[in-house]
Amino acid sequence: MDLSGHGGLQTLRVDAADGVVTVTLHRPEARNSINATLLEELHAVLDAVEADVRQQLIVLRGQPGTFCTGMDFDEVSTLRPDATAAEQEVLTRPYMQLLRRMATMPRVIISHVDGEVLAGGVGFVAASDLVVATPRSRFSLSEVLWGLMPAMVIPYLIRRVGYQPAYRMALTTQPVSAEAALAMNLVDEVSDSPEAALRRLKARLSRVQPATVGNLKRYFRQVWVLSDEVEELAVSEISRLMVHGDFQKNLRDFVEHQLLPWEAKDR
């Protein structure tokens with residue numbers, strides 16, 4: 001893949017300069033939601049970065065006002081209730097693998113957040129090495145409102161913010177402001193000038209060799225509770241819930257009638 005251009009990518013824009021690869025989520029028509037193509041293309045970009053020793057740092061960003069809004073419901077709605085385990089995991093397993101890869105690959109990944117971050121988008125943030133956000137950014141986990149759980153996000157969110165803040169976000173679905181996210185360590189810096197913050201980080205991080213970054217990530221994973229078994233449980237649990245009757249009904253009400261779960265309940 002050519003990291004200096006779009007290279008036929010449908011869901012991303014990629015630019016590389018001076019050792020920094022900027023990856024922009026580019027699905028404005030779907031509020032930067034996550035579909036199978038986006039996951040496939042993100043994995044392909046990471047393949048290309050790992051193959052190019054000149055690239056030391058990845059900046060992941062969204063559109064102005066929207067970083068990422070989680071899974072693409074239109075795509076999920078095509079999943080049959082009697083889908084096989086392999087069919088259920090078409091979306092879930094690549095997502096889980098992507099979070100793990102972000103957290104272990106020998107490159108520094110910085111999420112540059114400016115705006116709304118929902119559900120699976122919070123996973124991208126939590127799996128990043130560093131997060132710079134603008135003051136208008138907001139973070140929330142909305143899955144339980146739909147009869148789901150943020151099963152794959154939670155292991156990485158707990159790693160970043162601890163058990164109770166992660167549990168509170170999952171249970172209450174209350175949006176977290178940028179300042180509150182900074183206080184709980186979901187965000188590392190809040191700035192009106194994120195580009196200046198990114199330049200400072202780049203200057204500091206350019207002194208660290210990629211192999212050392214990989215060693216550091218691997219060691220931190222080994223001394224932390226996040227394991228292959230935890231990730232496998234997360235994939236199994238979210239795949240099960242995605243074909244459950246309650247979620248399927250909520251999904252149909254939304255896709256076919258634009259009714260949110262609590263609106264459909266009150267009808």
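Modeller: Let us begin with a single side chain. Phenylalanine 73 has a relative accessible area of 16%, so it counts as buried (buried is under 20% relative accessible area, exposed over 50% and partly exposed in between, with a 1.4 Å probe and protein chains only). This is a predicted model, in which local features need pLDDT of at least 70 and side-chain atom pairs count only at pLDDT 80 or more, while totals for chains, interfaces and linings use all residues. Residues are numbered from 1 along each chain as its sequence is written, and side-chain values use heavy atoms, leaving out hydrogens and water.

Biologist: How many aromatic pairs are there?

Modeller: A pair of aromatic rings is described by the distance of the centres and the angle of the planes. Rings of Phe, Tyr and Trp (its six-membered ring) pair if their centres lie within 6.5 Å; planes under 30 degrees apart are stacked, over 60 edge-to-face and the rest tilted. By this rule there are seven aromatic pairs. In one of them, the ring centres of phenylalanine 73 and phenylalanine 247 are 6.1 Å apart with planes at 75 degrees, so the pair is edge-to-face. Phenylalanine 73 lies in helix H2 (residues 73-76) and phenylalanine 247 in helix H11, so the contact ties together parts 174 residues apart in sequence. Helices (H or I, at least four residues) and strands (E, at least two) are DSSP runs, numbered from the N terminus. Phe73, Trp146, Phe247 and Phe254 form one aromatic cluster.

Biologist: Which residues of H11 are buried?

Modeller: They are Phe247, Gln248, Asn250, Leu251 and Asp253. For phenylalanine 247, the relative accessible area is 0%. After H11 comes glutamine 258, with a positive phi near 60 degrees.

Biologist: What is the strand order of the open sheet?

Modeller: Strands of a sheet pair through backbone hydrogen bonds, either parallel or antiparallel. Here the open sheet has six strands in the order S1-S2-S3-S5-S7-S10, with mixed pairing. Strands S1 (12-17) and S10 (189-190) are at the edges with a single partner strand each, so one side of each has no neighbour in the sheet. Two strands pair if DSSP finds at least two bridges between them. S1 and S2 (residues 20-25) are antiparallel over six bridges.

Biologist: Where does S5 find its partners?

Modeller: S5 pairs with S3 (residues 57-61) in the parallel sense over five bridges, and four bridges join S5 to S7 (residues 130-133), also parallel. Six of the six residues of S5 (residues 108-113) are buried.
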